[in-house]
Amino acid sequence: MANPKEAVKEKSMVIQKEMLAKQFSELSKAKETGKKVCYTFVPGNLIELIMAFDMLPVYPEINALQSGMRKKSGGYIKDAEKVGHSEDVCTYVKCDIGMFLNGNIGPTGEKLPEPDLLLLSYTGCFTFLKWFENLNRLYPNAEVAMLHTPYQEDGKITQEQIDYMVKQLKEEVIPKFEKVTGKKFDPAKLTGLLQNSVEAENYWVKILEMAKNKPSPIDAYFAGVYYMGPINTSFRGSPECVEYYKELYKEVKERADKKLLPVTPEGEMEKERFRLVVEGPPNWTNFREFWKIFYDLGAVIVASTYTKVGGVYDQGYRQDPSKPLESIATYCMGCYTNLNLPQRVDLIEKYVKEYKADGFLINSIKSCNSFSAGQLMIMREIEQRTGVPVGFIESDLVDPRYFSYANIKNRLESYFQMLEQRKIILEQEQVQA
Amino acid sequence: MDALQKVLNYCEETAFDLDFKKAKQWKSAAKNRVLVGYLPIYFPREIVHAVNGLAVGVMGAGDRKQIIKGDAYYQSYICHLPRGVVEMALDNNLNDFDGFVFPAICDCVRNLSGMFKLVKKGKFQRYFDYPQNFTPETGGVFYRHELEKILDDTFKVNGLKTSVEALNKAIGLFNRNRKLIEEIYDIRQLFPWRLSAVDTYHVLRAGLAMPVEEHNVILEEVLGHISKERGEEMDNIRVVVSGSFCEQPPVGLIKSIEMAGCYIVDDDFILGSRWIQGAINDTSSDPLGAITDAFLNQSTFASCYYDVGNPKGKRLVELAKRRKADGVVFSAASFCDPALLDRPEMQKECDAAGIPHVNFQFHENTGQFKVIKEQAGTFSDSIKLWS
């Protein structure tokens with residue numbers, strides 16, 4: 001098992017830590033300051049709209065993953081199962097319900113404020129709908145706003161779908177915001193926030209694309225989940241978010257210029273042996289030892305799908321401040337899990353080729369059907385289209401009962417041996433040619 | 001063999017013909033006929049009927065097919081229905097189908113639509129997204145577009161456009177179908193021994209694999225038989241079964257519940273056939289509008305349907321009371337997020353209303369019937385002894 005050393009912190013990490021501390025401090029004082037609180041989900045979130053109404057966001061799935069990282073989720077899940085929830089269902093939901101049953105104490109150890117508004121946008125995950133029905137019963141005094149995001153079933157976003165979403169925003173979502181906050185919607189304020197979003201998005205794409213360098217200066221999965229935090233959750237649209245990504249880009253660029261490898265919790269990687277594309281969310285309960293298996297063996301993740309749950313910006317999408325509501329609608333529909341399976345396969349194929357990956361790995365999550373249903377087919381398609389070896393491991397989001405360190409390590413070691421063999425064969429072929 | 005038994009045998013055979021021979025024969029009997037397979041649960045079959053088509057329910061392979069290839073497509077922690085459907089697709093059971101529709105039930109069925117796209121099964125594969133907004137100007141407009149997409153798909157297959165007359169005729173036929181089914185349920189509520197739940201299941205499921213005109217004749221015949229006394233009343237409790245709206249339980253499970261001393265007086269098996277409550281206007285000059293309006297305002301409850309403002313738990317309690325049920329049996333497929341995530345709240349509502357309940361889980365091809373029978377038997381006994 002891993003023996004964690006003191007984590008290495010870069011300047012951008014310190015900035016993000018301060019941003020989060022400020023956010024949770026504001027949340028803890030929400031009642032005193034009179035700020036209204038909006039519970040919502042990460043994929044396709046409407047953070048600019050939430051900010052436009054000066055509300056504070058809470059993301060239940062972020063609470064769940066943080067509970068997982070703090071080793072609290074196992075107990076919370078069991079508590080949810082005690083009140084009737086099945087072992088089979090989404091562990092994010094059970095963890096959140098368990099946290100509620102235990103006083104709703106957030107990651108900073110302080111009680112999270114109750115929601116004034118439950119904003120349900122179920123981009124790419126049907127279970128979100130069930131989750132909010134449960135939350136609605138746990139918080140009966142909160143207003144509920146539903147934004148139905150059509151699935152990209154045909155592999156494209158149509159004008160009709162955009163119109164449908166804009167209508168919902170105008171007639172369902174914004175009136176609920178106005179009712180809860182007592183403030184009138186200010187389109188100019190939203191436009192201003194979206195302008196900041198575009199700036200942050202530009203930096204974010206430049207950062208992700210740095211992984212095209214050999215060696216890659218970033219890990220686009222394990223470190224990627226930290227990098228994506230501000231833009232995918234509470235800060236997109238804020239000037240702080242732009243500053244964060246500016247600083248992060250500077251750091252990553254410096255690393256690329258010096259041909260340095262990614263920073264891990266135990267310091268800089270020394271050798272890039274394998275470049276991988278990874279599909280699926282990470283495991284949160286054993287995150288650090290999971291990551292360690294990779295960096296100990298010199299495996300760098302150069303692109304991942306999970307970091308696109310908050311938007312596939314690297315394929316060209318940007319918010320459009322000149323059409324704020326249309327822009328929000330398109331953003332919601334464009335998130336990774338709202339893409340259909342053929343689109344997902346095409347995207348992964350592109351990543352494998354553009355990032356010159358040696359392999360493609362799926363971390364299949366037991367309780368996340370949105371990601372998992374269909375992954376075996378994705379695996380076969382990618383193998384056929386790209387020829388790279390594919391690997392498959394299984395774990396869970398926040399249920400520690402479904403993380404088997406020895407099994408995962410075994411499988412990964414075998415997989416890396418396969419990659420090694422293939423490299424040798426490819427090198428021999430090149431020499432012979 | 002009596003006349004009813006003959007009908008029931010025919011229904012059982014048709015319901016579980018995984019080659020859909022009857023539907024395929026229908027298609028081959030005339031030119032320009034279209035065969036559209038749809039996954040559970042609700043799909044407005046009227047629109048396909050109106051363009052010379054037959055919408056066929058693909059309810060999974062149940063326990064009638066060994067799953068080999070399907071298991072290579074889905075991990076062990078994904079529900080069983082999609083692997084059975086994939087097995088059927090790869091085994092050519094679904095050949096001759098022109099297209100497939102995947103109603104918005106859950107993430108698994110949604111991704112299954114993408115799988116069908118990737119393997120290019122059928123001439124079209126359409127995820128049918130229900131609006132979760134129920135205002136006519138917003139959700140209604142969206143739903144209508146969804147209907148029109150299917151009509152575009154079928155047009156590309158047979159070149160036929162629908163008409164007001166054809167749609168109204170189809171609506172009338174399906175109104176009749178729903179009414180007859182509801183009459184069967186009403187009789188079974190009072191006299192459940194006249195037609196077992198298993199037989200009822202076969203009769204309803206068969207209707208998904210044949211033209212509605214033929215199914216209506218069968219339903220009328222069944223109704224004729226059970227309108228008269230037959231069978232023998234047992235000292236059973238009456239239950240509503242809830243949670244099997246998508247992946248269908250194995251027949252052995254339904255049988256086990258009955259044999260354990262429970263009359264199933266209502267259920268959500270084959271729910272799509274009963275989804276719309278009451279009749280749809282079949283004289284409208286805008287029949288697509290009438291179908292849309294019915295979806296928005298006359299839908300029943302199920303776990304794939306957003307219910308804030310009209311909670312499912314309360315509607316289940318109302319149903320149990322209306323059917324004068326003694327208890328509720330929660331029977332959900334393993335790994336069914338929608339049903340399983342609803343269950344605790346629905347159980348709470350039952351508790352609040354003083355309705356006893358028991359809970360099982362199943363896969364479409366297996367269930368621990370002995371355990372289920374013992375649990376259901378104990379449940380039945382406890383109600384008989386203590387209620």
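## Basis of the description

Because the model is predicted, local features need pLDDT of at least 70 and side-chain atom pairs count only at pLDDT 80 or more, while totals for chains, interfaces and linings use all residues. Residues are numbered from 1 along each chain as its sequence is written, chains are lettered from A and ligands numbered from 1 in the order in which they are written, and side-chain values use heavy atoms, with hydrogens and water left out.

Helices (H or I, at least four residues) and strands (E, at least two) are DSSP runs, numbered from the N terminus.

## Helix H12 of chain A and its two partners

Two packed helices are described by the angle between their axes and the distance between the axes. Axes are lines fitted to C-alpha atoms, for helices over the stretch in contact, and angles run from 0 to 180 degrees between N-to-C directions. In chain A, the axes of helix H1 (residues 11–28) and helix H12 (residues 239–257) come within 9 Å and cross at roughly 160°. H1(A) is therefore roughly antiparallel to H12(A) (angles under 35 degrees count as roughly parallel, over 145 as roughly antiparallel, 65 to 115 as roughly perpendicular and the rest as oblique). Residues of H1(A) including Ile15(A) and Met19(A) take part in the contact, as do residues of H12(A) including Tyr244(A) and Leu248(A); contact means heavy atoms within 4.5 Å. By class, this contact of H1(A) with H12(A) has 5 nonpolar, 2 polar and 5 charged residues. Here Ala, Val, Leu, Ile, Met, Phe, Trp, Tyr, Cys and Pro count as nonpolar, Asp, Glu, Lys and Arg as charged, and the others, Gly among them, as polar.

The axes of helix H9 (residues 187–209) of chain A and H12(A) also come within 9 Å, crossing at roughly 20°. H9(A) is therefore roughly parallel to H12(A). Among the residues in this contact are Tyr203(A) and Trp204(A) of H9(A), with Tyr245(A) and Tyr249(A) of H12(A). The contact of H9(A) with H12(A) has 11 nonpolar, 1 polar and 3 charged residues.

## A helix pair in chain B

Helix H7 (residues 164–190) and helix H11 (residues 287–298) of chain B pack at about 35°, with axes 9 Å apart. Val164(B), Leu167(B), Asn168(B) and Ile171(B) of H7(B) form the contact with Pro287(B), Leu288(B) and Ile291(B) of H11(B). These residues divide into 6 nonpolar, 1 polar and no charged.

## An enclosed helix

Helix H6 (residues 91–101) of chain A is largely enclosed by the rest of the structure, because 9 of its 11 residues are buried. Buried means under 20% relative accessible area, exposed over 50%, and partly exposed in between (1.4 Å probe, protein chains only). The cover of the buried residues includes helices H4 (60–69), H5 (73–82) and H7 (127–138) of chain A and helix H13 (337–353) of chain B.

## Cysteines

The structure holds 0 disulfides over all chains, a disulfide being a pair of cysteine sulfur atoms within 2.5 Å. For Cys332(A), the nearest cysteine sulfur, that of Cys335(A), is 6.6 Å away. Cys332(A) has 0% relative accessibility and so counts as buried.

## Backbone exceptions

Most residues other than glycine have a negative phi, and most peptide bonds are trans. The peptide bond from Lys214(A) to Pro215(A), however, is cis, with omega near 0°. Lys324(B) has a positive phi near 55° and, at 60% relative accessibility, counts as exposed.
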